[in-house]
Amino acid sequence: IIEQLVRFDPELAEPLLIGRLETENECIKLGLVKALGRMKCGQAVERLVSLLADESLRVRLSATEALGEIGGAKALNLLVAKLGNQNELILKAAIAGVLNQKDFPFIEAVLIDSLRNDWNTRRMKSILYIMGELRRPSFIDPILQYVGNSYFLIRKTATEALLKFGESIRSEVNNLLIINELPIEKVIDEAENGKTLLVRINAIRALGVLKNPLALHCVERLSQDPSKKIVIAAEEAYCQINQSVWTRASAAYILGELGGEETIAPLLHAIDSISSRVRRDAMSALRKIKSEETINRILEVALNEEHSEIRREAVSALAEIGVFSEQVKKVLFQTMLDSSYFVRLETARVLGKIQDRDSIELLLASLQDYSVEVRRNAVNALYSIGKDVIPQAFDYLTNTGSATVKTCIFQLLVMLQAKEAIPRIESVLAAEADSEVLKFGRQVLGILKGTIIDRKIPFF
């Protein structure tokens, strides 16, 4: 009946449909709301607004969708307000409704103003997403303000939104990375030991402006100062410095996604940052850029970086770039001896990818590593090289006194289906005293001889 009335006389239908919204029948109410939305009935906005608080979720959802279809200034502001709704269905309807009004004259001003004056994380995240979808040039600067936000989801959404602008944001993002971290020792000394309160406060504010990551520990300590004014200044400075660090880290990620030769200079600059967070994200970004300059810098980091996580990232970057020159292999042989098991673990994985016979001796030596994960990766790397490893594995099996090494080599021989190893394994087991090695070795023999069908043996 509603559809027929709308088709027969839309002008007559509008006031009748709006008047019937008072009904208690949910199904009828839903039909009315949907019809008013399809008609883009501006007169119904006030009544639909009241339905946003209806006890029925279905009615609230339909009213949100109808407002998105009708459009207009009031509907847009109401939909933006709904972008913080906790219900996913209503949130998605509100986002779709705002996007549906992409041609509204003041949509840019409404979204930018709402983003700047809002502290609702969910709404901020939704607005940033919409800005990325609309890709208006006026949105770039507001989004850039949030790539260093302290909340991960806000940073992530802002970063993803910026990437949708593509090459048009490259210069702005480059500028975020090129920050000179000026010496701050004297400023820190004044902030902590200044003769007057004013001198200390001004020094703390200067630390916030300079944004040098080395000042973070200082302002953290000062946030516990007996003076309330010092605490306020320190907290403000901490937020400024921390935001700068996260902004530069996000910028490194964005440049890595954009790629291209123009990306190399700012990322190499970021590799020298005082902040380990910026260095790590810059290293992660460099893995996507294959050039001699970046490879040489990655090799330096793999050997000399103080943070093991970044050294591991450098090794991983070499694998992804996929250029395995003699120089690269030489560095990987050194990182296989790194003090951090995370670096050794990643290096073993990369050596397996290279499948270089020169690494066999080093990988066999790594079977003595205290970390079972490193040993497992070393076995997998040896397996990827193939049966060329068997002669040297035999020598290790015969000459080692380590139960761990023996069980690892047994595992490798099973993986390689090395039936030629049966006599050597029997010889080793004949002189073996360790009960665990004997048990494991007999199981391996059974698998190689075909008397044990289940090939799933535990990794020691």
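A nonpolar core is a set of buried Ala, Val, Leu, Ile, Met, Phe, Trp, Tyr and Cys residues joined through side-chain atoms within 4.5 Å. In this predicted model, the largest such core holds 131 residues, and Val 98, Leu 111, Ile 143, Leu 267, Leu 367, Leu 413 and Ile 425 touch the most other members. Here, buried means under 20% relative accessible area, exposed means over 50%, and partly exposed lies in between, with a 1.4 Å probe and protein chains only.

A word on the ground rules: because this is a predicted model, local features need pLDDT of at least 70 and side-chain atom pairs count only at pLDDT 80 or more, while totals for chains, interfaces and linings use all residues. Residues are numbered from 1 along each chain as its sequence is written, and side-chain values use heavy atoms, with hydrogens and water left out.

**Cores and buried residues**

- Leu 367, one of the residues that touch the most other members of the largest core, is in contact (heavy atoms within 4.5 Å) with Arg 375, Ala 378, Val 379, Leu 382, Thr 404, Val 405, Cys 408 and Ile 409, leaving aside its neighbours within four places in sequence.
- There is also a second, separate core of 18 residues, and Ala 191, Ile 201, Ala 203 and Ala 237 are among them.
- As general background, nonpolar side chains tend to be buried together in soluble globular proteins.
- Leu 21 sits in the loop between α2 (10-19) and α3 (26-38), and Leu 21 is buried, at a relative accessible area of 0%.
- Not counting residues up to four places away in sequence, Leu 21 touches Lys 29, Leu 32, Val 33, Leu 36, Arg 47 and Leu 51.
- Leu 21 and Arg 135 are 114 residues apart along the chain, and their C-alpha atoms are separated by 38 Å.
- Thr 294 belongs to helix α19 (residues 292-304) and is buried, with a relative accessible area of 0%.
- The residues that Thr 294 touches are Ile 264, Leu 286 and Ile 289, not counting those up to four places away in sequence.

**A buried arginine**

- Arg 170 lies in helix α12 (residues 170-177), and this arginine is buried, with a relative accessible area of 7%.
- Although 85 residues separate Arg 170 from Leu 255 in sequence, the two are 7.3 Å apart in space, C-alpha to C-alpha.
- Leu 255 is also one of the contacts of Arg 170, together with Leu 258, Gly 259, Glu 262 and Thr 263, once neighbours within four places in sequence are left aside.

**Helix packing**

- Helices (H or I, at least four residues) and strands (E, at least two) are DSSP runs, numbered from the N terminus.
- Axes are lines fitted to C-alpha atoms, for helices over the stretch in contact, and angles run from 0 to 180 degrees between N-to-C directions.
- α14 and helix α16 (residues 228-258) pack at an angle of about 10°, and their axes are 7 Å apart.
- The pair α14 and α16 is therefore roughly parallel, a label for angles under 35 degrees, with over 145 roughly antiparallel, 65 to 115 roughly perpendicular and the rest oblique.
- On the α14 side the contact is made by Leu 197, Arg 200, Ile 201, Ile 204, Leu 207, Gly 208 and Val 209, and on the α16 side by Lys 229, Ile 230, Ala 233, Ala 234, Ala 237, Gln 240 and Ile 241.
- Sorted by class, this contact of α14 with α16 has 10 nonpolar, two polar and two charged residues; Ala, Val, Leu, Ile, Met, Phe, Trp, Tyr, Cys and Pro count as nonpolar, Asp, Glu, Lys and Arg as charged, and the others, Gly among them, as polar.
- Helix α22 (residues 341-354) packs with helix α24 (residues 372-385) at about 10°, with axes 8 Å apart, so α22 and α24 are roughly parallel to each other.
- The contact of α22 with α24 has seven nonpolar, three polar and three charged residues.

**Cysteines**

- The whole structure has zero disulfides (a pair of cysteine sulfur atoms within 2.5 Å).
- The sulfur of Cys 218 has its closest cysteine sulfur in Cys 239, 15 Å away and too far for a bond.
- Cys 218 is buried at 2% relative accessible area, whereas Cys 239 is exposed at 52%.

**Positive phi**

- Most residues other than glycine have a negative phi.
- Lys 211, in the loop between α14 (197-210) and α15 (216-222), has a positive phi near 60° and is partly exposed at 30%.
- Gln 417 has a positive phi of about 55°; this glutamine is in the loop between α26 (403-415) and α27 (422-430) and is partly exposed at 29%.
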